[in-house]
Every structure is written in structure tokens, then in C-alpha cells.
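These are my notebook entries on a structure that I examined for the first time. I record what I looked up and what I found.

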Amino acid sequence: MDLCEAKLELKQLLSRVKSGDLSRLLQWVRESDDLDELLSDNRRKILQNISEDLRGSLPQSAMLPSESTALSKMQQSSKPTVHVDSFLYDEDEVDSLCDEGSLSRSYCLSCGSTRTAPLDFLSHSFSIPELHFLFESVLPDLSGRVLVDVGSRLGAVLYGGYVFSSASRLVGLEISEEFVKLQENIVQKYTMTDRIQVLHSDVRLQNVLLQNADVLVLNNVFEYFLPREEQIGAWSFIMENFRKKGSLLVTVPCLQESLNTLQMPLPPRWVEELPLDYDVYLGKDTDPDALRQIHLYRVL
């Protein structure tokens, strides 16, 4: 049954519901966990198991002491900001942390006062629903293609690509040796070595890999981890080497925003942005605003 057929059948079903029960049925559709269970599948459960394994190997912040640049930039934010990794903690898990006092959603505007304001939460990883969206709604069939994730960190994009796509090769580039080892342990444990490779490397040393990549993923990758001049150098390297016609670039946030922050021009005739349908339902734990931060471009 395709989408048009499903819509028609749903309308026919709703037309047969007693008028007094129709509003209650629609409320059940909006609020019930039963439909979310239908959307859940073994692929998501694999990612949830990986997430649980990683939580046991990391501090709650999922930040390492070696990430001094990122920690410093978070402290310099105009509003207090905490790192809550979306791959490790969904909304229910964040609620549990808040209930037990391990995490707060707000901060005091004046010590001793009841005046509070919401904290900004920052994540350097895609959530499981975002990975589902990326590989099933954003990207085309990746059979026979090579995907490169720059700054693979915990490996969420690699694991998501393994379970949600048919990409022949999924390569993570990570400059932190600690995160490389963490990813390699997961890849070994879940027997994903046939398609996933994690390289302990700076993207600026991987010109051949970029020149041959079919998909390049950049999720909030440079801003918090490199000084401004190095960010400019990294972007310049990518724009010089990721040039294969028809290749796809995924960025969070949008490309123009990242370049504007660095006062860098977008090279003429490099990429074009492709429209995305963000109105998809992937479960109650999906953040529509987070989906809209994902942008897709095609190399010209």
C-alpha cells in the first residue's frame, strides 16, 4: 500500500467512526504510545543498545577533559549551555536525569531568587530519530556508495548508516584518539567491521578520501573544536577537495550560516541546496526543530 492508498483507506475508516468517538480517536492517535511501538523496529533497538553501552563508558556530559576548546566556547556562550548528547539521551532519559537531580533544564538568574531561565542544551550527535530521518528521508539509496562523517565522535552517523542504509563503506574521521577507540570497540562488539572504518585523522589530511566520497556529513563539526583560523582552513580544504559531481553534502546547521560566521564566501558553482520534506512522523521523541537544522546539498 502506497501513501495515497493509505490516506484514502484512513479517510474511509474515519468516516465510519461514530461522531461522538471521532475526537477521542484523533486524540488517541496524537498521544498514544501504541503507534510509536509500530514505528519501532530492530534497527532502532540496535542503536538504543549501542547508546546504552556508550553511556556506561562516558561521563554524563559525554565531553572529555581533552576537549578544552569546546568546553571553553560553551562557557563563553551568552546563555549558560550544557552538553547533552542526543544519541545518548532522548527526552525521556533527560526527564529522568532531571527528576533524580543529575541534570537541570533551568538556571537561576539571581542567586537566591526564584527567577529562572531555561538552559541551552547543545548536542554534537544526531539523535536516533534524526538518524532515521537522515538515512530514510534525506539521503537516497546509498548502495555502492561511500559516506564520510567528519568528526565522527561517538560514531552515531556510522552506526545509523549501517542499520538504516546500504552504503558500501562508512568512514569516520576523528581527531580524538579516545573517541576513535570508543567507536572501534562498538564496531567490533556489534560486528560492523565489514562496512565501517574509523580513521584517527584530521580531515585536512584526507584529500583522496574526500575526492572519492559520495556523501559527506558535517554535523556542527568545527565551531566548537577548532580556533577560527583552523575552521577557515578546514572549510577551504573541503571546498577544494569535495568536488565530485553529484556527491551529496549534509550539514548542521545550514552551510551559509557556518560560512557567514567565519565571514567566508560560498564558492560559486560548488553546491546547490536540495529541498527536504521535514513533515514526517518518526515517533513522539522526534524534535521537529532539530530535523529542520539538517540541510542537504548536491555538488554541481
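**Entry 1: a pair of helices**

The axes of H7 (residues 128-138) and H8 (residues 156-164) cross at roughly 55 degrees and come within 9 Å. I took axes as lines fitted to C-alpha atoms, for helices over the stretch in contact, with angles from 0 to 180 degrees between N-to-C directions. Helices (H or I, at least four residues) and strands (E, at least two) are DSSP runs, numbered from the N terminus.

I then noted which residues make the contact (heavy atoms within 4.5 Å). From H7 come Ile128, Leu131, His132, Phe135 and Glu136, and they meet Ala156, Val157, Gly160, Gly161 and Phe164 of H8. These residues divide into six nonpolar, three polar and one charged. Here Ala, Val, Leu, Ile, Met, Phe, Trp, Tyr, Cys and Pro count as nonpolar, Asp, Glu, Lys and Arg as charged, and the others, Gly among them, as polar.

**Entry 2: basis of the values**

The model is predicted: local features need pLDDT of at least 70, side-chain atom pairs count only at pLDDT 80 or more, and totals for chains, interfaces and linings use all residues. Residues are numbered from 1 along each chain as its sequence is written, and side-chain values use heavy atoms, with hydrogens and water left out.

**Entry 3: the sheet**

I traced an open sheet of seven strands with mixed pairing, in the order E7-E6-E5-E8-E9-E11-E10. Its edge strands, E7 (196-200) and E10 (271-274), each pair on one side only; two strands pair if DSSP finds at least two bridges between them. From one strand to the next, the twist averages 20 degrees. Helix H9 (residues 177-189) packs on the sheet and touches E6 (169-174) and E7, its direction making about 165 degrees with that of E7.

Val271 stands opposite Val299 in E11.

**Entry 4: the chain and one serine**

I recorded 13 helices and 11 strands in the chain. Of its 300 residues, 45% are buried (under 20% relative accessible area; exposed is over 50%, partly exposed in between; 1.4 Å probe, protein chains only).

Ser236 and Pro267 lie 31 residues apart in sequence and 9.7 Å apart in space, C-alpha to C-alpha.
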